[in-house]
Amino acid sequence: MSITGIPDFGYFCLAVLLLNATPGPDTAFIVGRSIAQGRAAGLVSALGISAGCCVHAIAATLGLSALLATSATAFTLIKLAGGVYLMYLGLRMLLTRAAPNGAPAKNVSARPLQTIFLQALVTNLLNPKVILFFLSFFPQFVSPNATGKTLSFLILGVVFVLMSTGWNCGTALVSGTLARRVGSSQQVRLWLERCVGAAFIALGARIAFARS
């Protein structure tokens, strides 16, 4: 990969793998939807997260992420918006009520797949840590002497999205399968979603009030 200006491509892949293995808002969202609505909803969530990563990769390539990171006001607004949005999603999950009189468990907090995709997309786009990751991480793997830095950044972005999509889809499948094995009890799924909702609120508060 040195021809494309990426001398440490193997280390980059390893770093991406370790990053995806670290729980965060994106993982919490995927797990929450997988628990609440099953594997299909989890997979759609993973695709929404991947769509957000595509936007971040393109923005980083064009230098938009650098602009946001150097503007204290822009970064603060994004940080607050992302934290508040996560807390909003968590509050909705906490306030979820059981369906009346033995309705099927899959109806608990059911949302259209299109809505889930858009919520996952927004969750990723409003995560300031993702912006800083693309800004600070990608340049470490591009040679300063590379003649086509734009191509190098695009290649890293594509690899990152593909690896993240595979990991997130696996997370969705495992979470949905485990939730199904725990039981189809509506009450069990309800409390599982409330636990994830509480984690969302904690993550949102940490992002919104953390020092930049």
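First, a reminder to myself: a crossing is right-handed if the near helix is turned clockwise from the far one by less than a right angle, and left-handed if anticlockwise. I'm working on a predicted model, where local features need pLDDT of at least 70, side-chain atom pairs count only at pLDDT 80 or more, and totals for chains, interfaces and linings use all residues. Numbering starts from 1 along each chain as its sequence is written, and side-chain values use heavy atoms, with hydrogens and water left out.

Entry one, α2 and α6. I looked up the handedness of this crossing, and it is right-handed. Helices here are DSSP runs (H or I, at least four residues), numbered from the N terminus. The axes of α2 (residues 25-37) and α6 (residues 113-125) come within 9 Å and cross at roughly 160°; axes are lines fitted to C-alpha atoms over the stretch in contact, with angles from 0 to 180 degrees between N-to-C directions. α2 is therefore roughly antiparallel to α6 (angles over 145 degrees count as that; under 35 is roughly parallel, 65 to 115 roughly perpendicular, the rest oblique). For contacts (heavy atoms within 4.5 Å), I found Pro25, Asp26, Phe29, Arg33 and Gln37 of α2 meeting Ile116, Gln119, Ala120, Thr123 and Asn124 of α6. I sorted these contact residues into four nonpolar, four polar and two charged. Nonpolar covers Ala, Val, Leu, Ile, Met, Phe, Trp, Tyr, Cys and Pro, charged covers Asp, Glu, Lys and Arg, and the others, Gly among them, are polar.

Entry two, α3 and α7. The axes of α3 (residues 39-62) and α7 (residues 128-137) come within 10 Å, crossing at roughly 45°, so this pair is oblique. α3 passes α7 in a right-handed crossing. On the α3 side I noted Cys53, His56, Ala57 and Ala60, which meet Val130, Ile131 and Phe134 in α7. That contact has six nonpolar residues, one polar and no charged.
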